[in-house]
Each structure stands twice: as structure tokens, then as C-alpha cells.
Amino acid sequence: MALIIDDSCINCDMCEPECPNQAIAMGAEIYEIDPDRCTECVGHYDKPTCVSVCPINCIDPDPAHPETQDELLIKYARLTGKL
């Protein structure tokens, strides 16, 4: 499933440059993750890099966007053109 950044985000700027899918951008008040671009780094890394670099652990699975590992791989292929 896609990830979501909760309201405790301190805008530390660590997550945005780490996202290989450019799914993270500054929102109105905090960073936000575009669920259409988030693959939890499937296809790129073993685990989500944004979660790894977040100093306050404010990035969690987004229950509004459940996806299987296979669905994330398909999204990765669509985003990268590696079908």
C-alpha cells in the first residue's frame, strides 16, 4: 500500500530527495505522499527509503490505499517504463 506522512512531520526535508518515484512533495503544511506514485520503493530498494531516513517515524502505511506486492510491482513498472 502507499505510505502516508502524519501530522507530526517536522518538515526536516529528509524524505523528499530519497523518493525514487518523486512521490513526496511539500503540501500546504507538511510533506505529502502521492499514492499514485508511491510503491514503497518496491522495484528500487528492499524497504521504503523515506521511512528509513525519517527522524521522527511519522511515515506509515496508508490504509486508504491498500495494495499487494504484485500491485506495487505493476505500479513500479508503469512509472519506470520497465514493463
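Analyst: A residue is buried under 20% relative accessible area, exposed over 50% and partly exposed in between (1.4 Å probe, protein chains only). The model is predicted, so local features need pLDDT of at least 70 and side-chain atom pairs pLDDT 80 or more, while totals for chains, interfaces and linings use all residues. Residues are numbered from 1 along each chain as its sequence is written, and side-chain values use heavy atoms, without hydrogens and water.

The structure holds 1 salt bridge (a side-chain nitrogen of Lys or Arg within 4 Å of a carboxyl oxygen of Asp or Glu). Its partners are E67 and K75, whose closest N and O atoms are 3.0 Å apart. The two ends of this pair fall into separate classes of accessibility: K75 has 6% relative accessibility and therefore counts as buried, whereas E67, with a relative accessible area of 24%, is partly exposed.

The pair belongs to a protein with 5 positive and 16 negative side chains (Lys and Arg against Asp and Glu, with His and the chain ends not counted). The centres of these two sets lie 10 Å apart, each charge being placed at NZ of Lys, CZ of Arg, CG of Asp or CD of Glu.

As for the fold, the protein has 2 helices and 4 strands (DSSP runs of H or I, at least four residues, and of E, at least two). Along the sequence they follow the pattern β-β-β-α-β-α. The radius of gyration of the protein is 12 Å, close to the 12 Å that the globule rule gives for 83 residues, so the protein is as compact as a globular protein of that length (C-alpha atoms; 2.2 Å times the number of residues to the power 0.38). Along the principal axes, the C-alpha atoms fill a box of roughly 35 × 25 × 25 Å, and 33% of the 83 residues count as buried.

At 13% relative accessibility, C19 counts as buried. Leaving aside residues up to four places away in sequence, C19 touches I24 and T49. From C19 to H44 the sequence distance is 25 residues, and their C-alpha atoms are 9.7 Å apart in space.

Terms used: Contact means heavy atoms within 4.5 Å.
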